[in-house]
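Try each task yourself before you read its solution.

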Amino acid sequence: MSLLNRMGTVIKIKMNKIMDRVEDPLETLDYSYEKQLELLQNVKRGVAQVTTSKKRLELQRGKLVQNIDKLNSQAKDAITANREDLARLALERKNGLLIQVQDLEVQIADLEKEQAKLVVAEKSLAAKVESFRTKKETIKAQYTAAEAQVKITESLSGISEEMADVGVAIHRSEEKTLNMKARSAALDELIEQGTLEDFTGGEDDIERELAKISATSSIENELESLKKEAGK
């Protein structure tokens, strides 16, 4: 595949993706339905035009038939009046009108055939348009439901992600709290062992030593008292 062909393929793919994002399938369905309705209206207008043309020809034929009847009557009257020349003229005109009537009947028959074809086509197209309309509404309902489902799923997904972030934050807070407690306990232990000075207690190292001496002296005095009581 040449470079130009590959570029053309890439462009088509990108254009299709753009069209997928821009195109609204519901609008496309409605547009297709409107076009089918326009086509159906055109067929109906065609039927109406053919019907009108046929009626016009039938009216012309009716007038010609009336004139033919009139010429027949005139020819009879002319014979009665011994005017053979007038009778011949009336009959000649009658024959001319008969030819026109025959031509009109052929045209009317052709229009009737055309009208019948258009009526069948109209009924068939109307049935297809109605079927498409029903299918269109079904697809639109399904698409709308699917679209709503997608939005709900996306919302739930967003909530899940947020809850996951909250869970991580809670876990970190718990870890920090445990670390702070452990650190506090360790400091307390070091203070008790004398490794660290407790500057919050208000005593310095001299006071602590004096307190130890006082405690030791008190213990010794108490031991002496116990010995005396025991007679030792």
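A residue counts as buried when its relative accessible area is under 20%, as exposed when that area is over 50%, and as partly exposed in between. Keep in mind that you're looking at a predicted model.

**Exercise 1.** Work out which elements make up the protein chain and what share of its residues is buried.

*Solution.* 
- Start with the elements: the protein chain has four helices and zero strands.
- Read from the N terminus, that gives the order α-α-α-α.
- Now for burial: 13% of the 232 residues count as buried.
- As for surface, the protein chain exposes about 18,600 Å², with carbon and sulfur atoms supplying 57% of that.

**Exercise 2.** Find the partner of aspartate 30 in a salt bridge, and say what the pair ties together.

*Solution.* 
- Look for the partner: it's lysine 136, with the closest N and O atoms 3.3 Å apart.
- Check the cover: lysine 136 has 4% relative accessibility, so it counts as buried, while aspartate 30, at 25%, is partly exposed.

**Exercise 3.** How far apart in helix H3 are glutamate 84 and arginine 88?

*Solution.* 
- Their side chains meet in a salt bridge at 3.0 Å, N to O.
- The two are four residues apart in helix H3, so about one helical turn separates them.
- Arginine 88 is partly exposed, with a relative accessible area of 44%.
- Elsewhere, salt bridges with shared partners join Asp30, Lys136, Glu137 and Lys140 into one network.

How values were computed
Residues numbered from 1 in each chain as written. Predicted model: local features only at pLDDT ≥ 70, side-chain atom pairs only at ≥ 80, totals over all residues. Heavy atoms only, no water. Buried < 20%, exposed > 50% of the residue type's maximum accessible area, 1.4 Å probe, protein only. Areas by Shrake-Rupley, 256 points an atom, 1.4 Å probe, with all protein chains shown as cover. Salt bridge = Lys/Arg side-chain N within 4 Å of Asp/Glu carboxyl O.
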